[in-house]
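Welcome! Please open the structure in your viewer and get ready to select a few residues along the way.

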Amino acid sequence: MVKAVTKRKEGNRSLVRNGEHALSPSSLSFPMRLGTGSASPGSRRTHVRPVLFPPTLLPLPVLYLPILAASLFAWLRAGCVPLGRALQRRLLSLRASSRSPPSSAADMAMRQTPLTCSGHTRPVVDLAFSGITPYGYFLISACKDGKPMLRQGDTGDWIGTFLGHKGAVWGATLNKDATKAATAAADFTAKVWDGVSGDELITLAHKHIVKSVDFSQDSNYLLTGGQDKLLRIYDLSKPEAEPQMISGHTSGIKKALWSSDDKQILSADDKTVRLWDRNTMAEIKAINVAMSVSSMEYVPEGEILVITYGRTIAFHSAETLEQIKSFEAPATINSASLHPEKECLVAGGEDFKLYKYDYNTGEELESYKGHFGPIHCVRFSPDGELYASGSEDGTLRLWQTTVGKTYGLWKCVIPEEEGGELVKPKVNLPGTAEEELEDLGSENSDSIYSTTPEVKA
C-alpha cells in the first residue's frame, strides 16, 4: 500500500505550483467548452466566437467584454493565478456542502466502496482464495491475457504474475497454505507453480483446452477437466507418470472439484452435473439442469454445492446431489458464492450487477453495479469478511460483507453530531495534510470509506 501511495504522490508533482496543490480543472462543475472553442487546463489562451451585436447598437468597448470575460474564465479555471486556485477550492467546498446530507449515521455507513485491482488487460474469468495462513490469505485470478496474478487477499495488493502460458488462462487455484498454484489454459496445458517464488514447477500436457484445476487437500494430487471431456487425476509426486482418467461426460467439462475429503469428485459439463467415487472412478449420480451450467462452487462446511445456470442459483447436497433450495435472480447469473457461515450469498452476471441475498429467506439484501462489463466470477474470502469479483472489464474488485466495518484497507470513521447536524465522515491518513486528500490516492484510492473531503480555501 505504501508503494501505491508513493507512486500517486510522484504523479502529483506536476500539480504543484509555488508550494501549493492546484486542483484538477476536471473536478469543477462548469463545462470545458466555451462557445465553439475550448480551453485546455494548462493554457492561458482560448478561441471563442461570441455572438456580437451590430456595431451600430453598442459602443466599441462593450464588444470586447465577452472576449475578456472568456479569457478571465479560462485563466481562473486552469489555476494560472492564485485567485483561480482559491476560487476553485471555494467552488468545490460549496458544491460539497450543497449535497443533501444523509438522514442518519446509519445511512452513511451503508455506502459500499470496493477496492479495485487493475493489472489484467483482458476479461477476468476465474478467481480463487487460499486458506488462512500465518501471512494472511491470498487471491489468484485467471485471465484471458494468459497472465494469472497473485494478490494479497484482504487488500488486493499485487504480489506477482505467473508467466509461461501461451494462451488464455481459464482456471486458477491455490492450495490451502498458498505454497502452490495451478492454472488451466487454452494452450492445452495445466501448470503447477511455486506460490512463493513464482517458478513453474510442472507442465501437464493435455489434448485440448483445459478449463478447470483443483488441488486435493494434501496438495499431492491435481484434478483437471477440459474440452476433451475427460477428468484427469495427476500424482504431483510423479509428474512423469500417466494420470488416472475418468470418462463419461458428453461435452466439454467446465468445472471439476474434489469433495467429501477427496473421496468424491464433482464435475459439470454443459447441462449435467455428475458425482464420482474417487476410488472406483465410477459415477454415483448425475443431474440435468434446464440451461448451461455457468459456475459451480463446493462449500465443505455443510457439504453444499452451489450451481448457477440461467437466472437460477441452486443449492444441492454435495454428497447426494439432492436439491436443497434455489433462488431466481433478475438477470442471467454467471457465478455465485455462499458465505462460509451460510448467512448470505452473492452473485453476479450479465447485467454488470452484484446481488446479495439472505441464504435462509432468499430476500435480496443489496444490488449495485460494480463493474463496467459482465461479471464472470465471485468468491467469498475464507474468513467471510469480503468477497471478490472478476469481470469482462479486466478488473477484480473486493467488497465488504459488512459495509462500514474497519477491515483491511477500509476504515470507517463514525460521524458525530454537532449542533444537531451530522458531520461528514473524515479519512485519517498518517502524515497527510487534510487539504491534500483530494489529490492523494493509490491503486485502491477509492477503497477508503468516505465522502468527498472538504477542501479548505
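Which residues lie nearest the centre of the largest pocket? Select Phe 129, Lys 176, Asp 214, Tyr 298 and Pro 300, and you will have them. Keep in mind that you are looking at a predicted model.

Now show the whole lining of this pocket, which is made up of 37 residues. Strands that give two or more residues to the lining include β6 (124-129), β14 (210-215) and β22 (293-299). Colour the lining by residue type and you will find 17 nonpolar, eleven polar and nine charged residues. The space in the largest pocket comes to about 1000 Å³.

Next stop: aromatic rings. There are eight aromatic pairs to look for. Start with Phe 315 and Tyr 359: their ring centres are 5.0 Å apart and their planes stand at 75°, so this pair is edge-to-face. Phe 315 belongs to strand β24 (residues 312-317), while Tyr 359 is in the loop between β28 (353-358) and β29 (364-369), so the pair ties together parts that are 44 residues apart in sequence. Both Phe 315 and Tyr 359 are buried.

Then move to Phe 380 and Tyr 387, another edge-to-face pair, with centres 5.3 Å apart and planes at 65°. Phe 380 is buried, at 8% relative accessible area, and Tyr 387 is buried too, at 0%.

Finally, look for charges over rings. Select Lys 211, which lies over the face of Trp 170, 4.7 Å from the ring centre. Then pick Arg 278, whose charged end sits over the ring of Tyr 221 at 5.5 Å from its centre.

Terms used:
Residues numbered from 1 in each chain as written. Predicted model: local features only at pLDDT ≥ 70, side-chain atom pairs only at ≥ 80, totals over all residues. Heavy atoms only, no water. 1 Å grid on protein atoms, 1.4 Å probe; cavity = no way out; pocket = protein on both sides within 12 Å on 5 of 7 lines; lining within 4 Å. Points joined across faces, edges and corners; volume = space filled by probe spheres on them. Helix = DSSP H or I, 4+ residues; strand = E, 2+ residues; numbered from the N terminus. Nonpolar A, V, L, I, M, F, W, Y, C, P; charged D, E, K, R; others polar. Phe/Tyr/Trp six-rings, centres within 6.5 Å; stacked < 30°, edge-to-face > 60°. Buried < 20%, exposed > 50% of the residue type's maximum accessible area, 1.4 Å probe, protein only. Lys NZ or Arg CZ within 6 Å of the ring centre and 35° of its normal.
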